[in-house]
Amino acid sequence: MSTAIMAAAPKASEKHSTAPFDPRFPNQNQTKYCYQSFLDFHRCQKVKGTNYEPCNYFKRVYKSMCPNEWVDKWEGQLDAGTFAGRV
Amino acid sequence: MPMQGMSFSSLKKHTALIPLFVCVGVGCVGCAYYCLRLATRSPEVAWNKKGDQSPWNYYSDKQYKFYSPNIDYSKLESPAPKY
Amino acid sequence: MPTWSNLSLQDANSPLMEQLIFFHDHTMMILFMITIMVSYIMMTTMFNSYINRYLLENQTIELIWTIMPAVTLLFIAIPSLKILYLMDEINNPMLTIKAIGHQWYWSYEYSDMNNIEMESYMKPTNSLEEGDFRLLEVDNRIILPMKSTIRILVTSSDVIHSWTIPSMGIKIDGTPGRLNQGNMNINRPGLMYGQCSEICGANHSFMPIVIESVSMNQFMNWLNSN
């Protein structure tokens with residue numbers, strides 16, 4: 001029925017991509033996806049250094065998923081050394 | 001006399017109560033099973049501080065939901081790179 | 001299309017809403033049948049002169065009127081669960097937008113490529129033009145491409161709000177500190193209206209949502225020009 005319409009893939013247009021579906025976070029609450037990607041990006045940078053390309057996957061994900069207000073607040077906390085997560 | 005239908009002998013006399021027990025029984029068992037599944041298998045629940053604090057990582061290649069209309073889960077794996 | 005004194009559901013603008021309307025009609029049919037049957041039984045029982053002083057248990061009828069409601073409920077539950085899981089279909093969306101509720105306006109962020117942020121306030125009644133809808137128009141509409149899967153993340157920066165578009169069957173609460181995900185797939189180009197659906201203070205009725213759905217080319221042009 002209309003299931004076919006919903007499952008059909010959209011026409012790929014240019015290189016417009018966004019955070020893909022992550023099976024670790026299948027439910028409606030995507031807060032952890034946003035926060036985990038942010039943590040993963042900073043941990044990845046800490047472990048592999050700033051020029052390691054695959055770390056940018058996490059950066060793209062958290063830029064797409066997290067409200068800018070949250071990102072600014074966390075980055076401010078990171079700079080001030082008051083960020084509560086384990087990076 | 002005690003309520004009829006609560007013992008096997010009185011139940012045989014009032015056979016119409018059997019579907020009632022079946023329906024209520026299925027409902028109670030189903031509810032209990034679902035709640036236990038949520039408590040123990042949900043990707044967002046961690047019970048004690050010593051255990052795994054990121055239970056969602058367990059689902060990076062498994063399906064949590066009961067039913068998924070498209071079969072994507074078979075070739076599933078979390079797209080995040082490992083480092 | 002929202003019009004005043006509208007009693008029915010709005011025309012569907014997404015495949016999910018089409019399914020919801022079918023389910024609504026199916027369940028309404030079952031409800032009508034039950035109501036008519038019960039009314040008929042009540043009428044015939046009230047307006048007859050049959051008397052039976054020894055009417056007591058009857059196993060057959062008890063069996064029937066336990067099994068039949070269970071079957072009826074099954075007929076309602078199975079399509080309902082089907083739609084529930086259909087809504088959670090895994091789809092890799094093409095676009096992610098964020099809707100953040102404030103008191104008393106919405107702000108939207110398109111962060112996939114260039115970071116576009118905009119705020120959407122209701123147009124006050126004295127600045128409406130001819131043909132505009134009172135209490136429904138906004139200054140900046142959300143522009144979205146049609147026929148592509150879009151992920152929307154709703155949150156709030158102060159109190160709980162709810163982002164709603166009835167013609168797409170979407171109602172997502174925005175809670176502070178939490179990101180709720182929904183997805184949509186718009187069938188037709190055009191305008192879709194909705195209003196904040198969770199009491200959030202004095203101007204709760206005055207923070208509407210308007211989606212302007214355009215073709216993919218127009219959307220990419222708009223993205224690149226911002």
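The contact between chain C and chain A, in this predicted model, takes 38 residues from chain C and 30 residues from chain A, a contact being heavy atoms within 4.5 Å. About 2,900 Å² is buried between the two chains, and carbon and sulfur atoms give 54% of that area; buried area is the accessible area (1.4 Å probe) that two parts lose on being put together, summed over both. On the side of chain C, the residues that lose the most area to chain A are M94(C), L179(C) and Q181(C), which together account for 18% of what that side buries. Zero salt bridges are found by the rule across the interface of chain C and chain A, where a salt bridge is a side-chain nitrogen of Lys or Arg within 4 Å of a carboxyl oxygen of Asp or Glu.

Because the model is predicted, local features need pLDDT of at least 70 and side-chain atom pairs count only at pLDDT 80 or more, whereas totals for chains, interfaces and linings use all residues; side-chain values use heavy atoms, with hydrogens and water left out. Residues are numbered from 1 along each chain as its sequence is written, and chains are lettered from A in the order in which they are written.

Chain A comprises four helices and zero strands, with helices (H or I, at least four residues) and strands (E, at least two) taken as DSSP runs numbered from the N terminus. The order of elements in chain A, read from the N terminus, is α-α-α-α. Of the 87 residues in chain A, 46% are buried; buried means under 20% relative accessible area, exposed over 50%, and partly exposed in between (1.4 Å probe, protein chains only). Among contacts in chain A with a separation of 6 or more, 58% are between residues 24 or more positions apart.

Chain B contains two helices and zero strands. Buried residues represent 24% of the 83 residues in chain B. For contacts in chain B between residues at least 6 apart in sequence, 15% join residues at least 24 apart. The accessible surface of chain B is about 6,200 Å², and carbon and sulfur atoms hold 67% of it.

In soluble globular proteins, nonpolar side chains tend to be buried together. A nonpolar core is here a set of buried Ala, Val, Leu, Ile, Met, Phe, Trp, Tyr and Cys residues joined through side-chain atoms within 4.5 Å. The largest nonpolar core has 34 residues, of which Y110(C), L144(C), W163(C), M184(C), I211(C) and F219(C) touch the most other members. Helix α3 (residues 216-225) of chain C contributes the largest share of this core, five residues. Another core, of 23 residues, lies apart from it and includes F58(A), C66(A), V71(A) and L179(C). Helix α3 of chain C also holds N217(C), which is exposed with a relative accessible area of 59%. The C-alpha atoms of N217(C) and M146(C) are separated by 10 Å, although the two residues are 71 residues apart along the chain.

A nonpolar surface patch of about 1,000 Å² is made by M28(C), L31(C), F32(C), I34(C), I36(C), V38(C), M42(C), M43(C), M46(C) and F47(C). Patches are made of residues with over 30% relative accessible area and no salt bridge, like charges being joined within 9 Å and nonpolar side chains (Val, Leu, Ile, Met, Phe, Trp, Tyr) within 5 Å. One of these residues, I34(C), belongs to helix α1 (residues 15-46) of chain C and is partly exposed, at 37% relative accessibility.

Side chains of opposite charge can pair when their charged atoms come close. Over all chains, a search of the whole structure finds five salt bridges. One joins the side chains of K123(C) and D132(C) (3.5 Å, N to O), and D132(C) is partly exposed at 23% relative accessible area. A network of salt bridges links E137(C), R141(C) and E212(C). Within it, the closest N and O atoms of R141(C) and E137(C) are 3.7 Å apart; R141(C) is partly exposed at 27% relative accessibility, whereas E137(C) is buried at 2%. The salt bridge between the side chains of E212(C) and R141(C) has an N to O distance of 3.2 Å. Because E212(C) lies in strand β10 (residues 208-214) of chain C and R141(C) in the loop between β3 (116-120) and β4 (142-145) of chain C, this pair ties together parts that are 71 residues apart in sequence. E212(C) is partly exposed, with a relative accessible area of 24%.

Terms used:
Areas by Shrake-Rupley, 256 points an atom, 1.4 Å probe, with all protein chains shown as cover.
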